[in-house]
Amino acid sequence: MSPGIIGTLVLIFIVLFVACIIFLAKLNGYVDSLKTKQIEKKKLAFNEELLALEESDIDQILDKRKKALKYKLSGTELGSQEKIVDEKGLVNRVSHEPENPMFDEKKKTPLSIETPERLKKIIIYYLGAAVCWLVFGTLVGQYVGMKFIWPEMDNLSWLSFGRLRPVHTNAVFWGWASLAMIGLGYFVIARTSNTIIHSYAIAWRAWILINLTVLLGTISLMSGINNGGGEYREYIWPVMLLFAIGLVITFWNFYRTVASRKISDIYVSNWYILAALIWTTVLAIIGYLPFFQNGLGETIIQGYYMHQGVGMWFMTFTLGLVYYYLPSALNKPIYSYSLGVLAFWTQMLFYTMIGTHHFVFSPLPWWLQTTAIVFSAGMFIPVVAGTTNFLMTMKGSWSHISKSYVLPFFLVGVIFYFVGSTQGSFQAFRFTNYVWHFTDFNVAHSHMTMYGIITFILWACFYTILPKLTGKEPPQVFVGAHFWLAFIGLFAYMISLMAGGTYKGLSWIDGNAFLESVILMKPYWVWRAIGGSLMFISHLVFAYNFYYMVRKRKPILTLDAPILERVNN
């Protein structure tokens, strides 16, 4: 069996192992809470009984307590028929407020953060728009997934699979993930630079441009107006131009904010965030310029654009967010600044040349395919460096798993960062590419990365910062429901398509008719729909949690921009 396939199986078991750890930690926390509640209940009952006693009766009880210190078991206590009385004072705590048995209450975080009100508004509006596009984009994805089981659901051209699939991917790419990253990035840029945002007006203009891009792009795609077969660049160039302008002015805003920082160092998060904006601006230009857009030249550009979009925009920007929000959530510094720098520069080096591994065995030059495979293997370096850095930062804070869902979101995102990225490198090898290419396995891989890594980490950042900005903690029963529905849904989605995609590839290798591979995929598409349904329900729960956190904000300490500027000076 190929090392790539063996490695993929090992990686899947790693995800399952982590899920078991999180579940057992939650279960252990629940059992401990039950014990604590029983002790609290008995103590409260004793205290209430004590208040009703006369002074002489209290003296008598205290005397019994003193004698209990010298008490020793005789060995016959368990066989008695006497009434149970805690005469020895063994119980010390009770509670009259038993909580939900499935979800632990999260410890309240300090809510007083000196953040300008205008910055809060920008962050909330960016995140709010992102949530709306997440619900819309995944609703479309849910509908498309159901078409695999019921292809006769409709006969309208604007609801056809070929039009709705790019609506789904572009809405969650440019609407959900991009707006969420930029919104979260504004807080990181200002906080780590100890200064105010260069221009709030620019931030609002970029918000309008990006939302307008997704809106116009969705309408054009459903109308049959698109950029051809280029995956993730189906928006026509006038629409994508709006997004590119939004990126350029956002970069300028971030850059000017960092340039006017009140501290000497540039924190590593800002390296990742600014690099992501630079690379994506270059990517959008190269991907849409008409040069080399014919024949094999277009194929190379497509591989470059598709993989760079995921790796140099979403992955790079999100890693920058992790370097701030993970230590902030744990109230401790990042484990190693040097590992962060190593991961940054190796990511910049290796990720730029791996796009052609999507076209192994194609008419492209063999040396170019080999270069992509070698650079894909080189991605082990930044992935291992980053994963080690994040896990070592979490070291000593594992008790947070049973107390809060913020760390589980981060943990799942980090584990999928290792698993998804490593599996992608394995998939670049020639044999695994031969089996899995053009099959449903690639859909599983894309969701493992864009959903398991990017989306889970963005959710963790949401739950880390919003309560501090708004003074509202979401109900943990809903945060827990969000986590488990999303995780179980993703796992079912991912495993079913991995298994089905492998069978499909082997069927093609055996020379079977294409129709046979379609028939054998039917049960796996059912599980795809089930997993997708759980994921979509989790998004509705998440949308409610977001609404709960931002509605009717409690008044907390806020410094207006002029005051903050005087304080910093």
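1. A residue is called buried when its relative accessible area is under 20%, exposed when it is over 50%, and partly exposed in between (1.4 Å probe, protein chains only). By this rule Y232 is buried, because its relative accessible area is 9%. Y232 lies in the loop between α5 and α6, and has a positive phi of about 70° although it is not a glycine.

2. The basis of the note is as follows. The model is predicted, so local features need pLDDT of at least 70 and side-chain atom pairs count only at pLDDT 80 or more, while totals for chains, interfaces and linings use all residues. Residues are numbered from 1 along each chain as its sequence is written, and side-chain values use heavy atoms, with hydrogens and water left out.

3. F438 also deserves a check of its backbone. Its phi is near 70°, a positive value in a residue other than glycine. F438 is found in the loop between α14 and α15. With a relative accessible area of 66%, F438 is exposed, whereas Y232 is buried at 9%.

4. Helices in this note are DSSP runs (H or I, at least four residues), numbered from the N terminus. Helix α13 covers residues 406-427 and has 22 residues. From its first C-alpha to its last, α13 reaches 31 Å, close to the 32 Å expected at 1.5 Å a residue; the expected span is 1.5 Å times one less than the number of residues. Helix α13 is mostly covered, with 21 of its 22 residues buried.

5. Salt bridges come next. Side chains of opposite charge can pair when their charged atoms come close. The rule applied here asks for a side-chain nitrogen of Lys or Arg within 4 Å of a carboxyl oxygen of Asp or Glu, and the count comes to three salt bridges. One of them joins the side chains of D154 and K147, at 2.8 Å from N to O. D154 is buried, with a relative accessible area of 18%, and K147 counts as buried at 10%.

6. Another salt bridge is formed by the side chains of R165 and E231, at 3.1 Å from N to O. R165 lies in helix α4 (residues 161-193) and E231 in the loop between α5 (200-222) and α6 (237-259), so the pair ties together parts that are 66 residues apart in sequence. R165 counts as partly exposed at 26% relative accessibility, and E231 counts as partly exposed at 23%.

7. K504 forms a salt bridge with D440, and the closest N and O atoms are 2.6 Å apart. Because K504 lies in helix α16 and D440 in the loop between α14 and α15 (441-470), the pair ties together parts that are 64 residues apart in sequence. K504 is buried, with a relative accessible area of 7%; D440 is buried as well, at 6%.

8. Which residues make the nonpolar surface patch of about 630 Å²? The patch is made by F361, W366, F431, Y434, L506 and I509. Patch residues have over 30% relative accessible area and no salt bridge; nonpolar side chains (Val, Leu, Ile, Met, Phe, Trp, Tyr) are joined within 5 Å, and like charges within 9 Å. Accessible areas come from the Shrake-Rupley method with a 1.4 Å probe; for residues, only the protein chains shown count as cover. Helices α14 (430-436) and α16 (476-509) each supply at least two residues of the patch. I509 is found in helix α16 and counts as partly exposed at 35% relative accessibility.

9. A pair of aromatic rings is described by the distance of the centres and the angle of the planes. Rings of Phe, Tyr and Trp (its six-membered ring) pair if their centres lie within 6.5 Å; planes under 30 degrees apart count as stacked, over 60 as edge-to-face and the rest as tilted. The structure holds 56 aromatic pairs. Among them, the rings of Y126 and Y186 have centres 5.8 Å apart and planes at 45°, so the pair is tilted. Y126 lies in helix α3 (residues 117-147) and Y186 in helix α4, so the pair ties together parts that are 60 residues apart in sequence. Both Y126 and Y186 are buried.

10. The structure holds zero disulfides, a disulfide being a pair of cysteine sulfur atoms within 2.5 Å. C132 counts as exposed at 53% relative accessibility, whereas C461 counts as buried at 0%.
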